[in-house]
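Please have the sequence and the structure open.

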Amino acid sequence: MAVRIEPSILSADFSAFAAEIARIPSADAVHCDVMDNHFVPNLTFGLPMVQRLAQVSALPLDVHLMIDDPHRWAPGYAEAGAQTVTFHAEAAREPIATARSIRRAGARAGIALKPGTDAAPYLAAIEEFDQILVMTVEPGFGGQSFMTDLMSKVREVREAIGDRDVWLQVDGGIGTDTIATAAAAGADTFVAGSAVFGQPDPDAAIQHLRTLATS
C-alpha cells in the first residue's frame with residue numbers, strides 16, 4: 001500500500017510559503033486547511049491564497065475545506081488547481097452532488113468525517129469519493145492529542161474501501177509517536193503539521209514519518 005505524507009501549510013512560515021514548500025521536496029502534497037470561523041472556530045485563508053499557492057508550489061495541493069456551504073465554494077478550489085478538494089460531511093446538504101461538482105471541476109473529491117460522525121452512511125456511497133478523511137482530532141482546534149479510539153473507524157473505512165482507488169487520510173496529532181498506529185489501522189495518507197515544519201530538517205522528518213508508516 002502506497003504511503004503519502006502531506007505536510008500542513010498551517011505549520012509553516014506564512015511569510016515565506018514558496019520557500020517553505022521548497023524545504024519539503026519529498027512530500028506527496030501540501031495540505032491546505034481552509035477555515036471560515038463558522039463551521040469551525042478558526043479563520044485561516046481562502047481561495048485567493050490557494051490560487052497563489054498553486055502558482056508557487058511544485059507539489060500538488062490537498063485542500064481541506066472546514067467551511068459552511070461547501071457545495072457553493074468547493075468547485076472553485078478545484079478550478080484553482082488543487083489536486084484534491086475535501087469537504088466535511090457535516091457541512092454538506094448533498095454530499096454526493098458536492099463530490100460530483102468537484103470531480104467535474106477537475107479535482108479528486110474527498111469527504112471528511114469529524115470524530116463523532118458515523119462513517120456508515122458515507123461508506124454506502126464510497127464510489128462517489130476519491131478520498132475519505134477520518135479526523136483524529138476535532139477540526140479547528142490546535143494542540144489536541146491524537147484520538148487512538150478512532151482507529152476502529154479507520155479500520156471500518158479501510159474494510160469498506162477494499163481494493164478501490166480511494167485514499168484513506170488521517171489528520172490530527174500525526175507524528176512519530178502516532179503514525180504507525182494509524183498506518184496499522186489502514187490509513188495510507190497522513191497530514192502532519194509541526195511534526196514536519198517544526199523540525200530542523202522538514203524533508204528528513206517526512207522521510208522518517210514515511211519509514212515509520214511502512215515498517
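## A pair of opposite residues

T84 stands opposite R108 in β5. The model is a predicted one. Strand β4 covers residues 84-88 and strand β5 covers residues 108-113. The two strands run parallel and are joined by 5 bridges.

## The whole sheet

β4 and β5 belong to an open sheet of 8 strands. The order reads β1-β8-β7-β6-β5-β4-β3-β2. Pairing is parallel. The edge strands are β1 (4-7) and β2 (30-35), and each of them pairs on one side only. From one strand to the next, the twist averages 25 degrees.

## Helices on the sheet

Two helices come next. Helix α2, residues 47-56, packs on the sheet. Helix α2 touches β2 and β3 (61-66). The direction of α2 makes about 170 degrees with that of β3.

Helix α3 spans residues 70-79. Helix α3 lies across β2, β3 and β4. Relative to β4, helix α3 runs at about 165 degrees.

Which strand pairs with β1, and over how many bridges? The partner is strand β8 (residues 189-192), with 4 bridges in the parallel sense. Within this pair, I5 stands opposite F190 in β8.

In a regular strand, side chains alternate between the two faces of the sheet. In β1, R4 and E6 point one way. I5 and P7 point the other way. Are these residues buried or exposed? R4, I5, E6 and P7 are all buried.

Definitions and conventions: Residues numbered from 1 in each chain as written. Predicted model: local features only at pLDDT ≥ 70, side-chain atom pairs only at ≥ 80, totals over all residues. Heavy atoms only, no water. Pairing = 2+ DSSP bridges. Axes fitted to C-alpha atoms, helices over the stretch in contact; angles between N-to-C directions. Contact = heavy atoms within 4.5 Å. Buried < 20%, exposed > 50% of the residue type's maximum accessible area, 1.4 Å probe, protein only.
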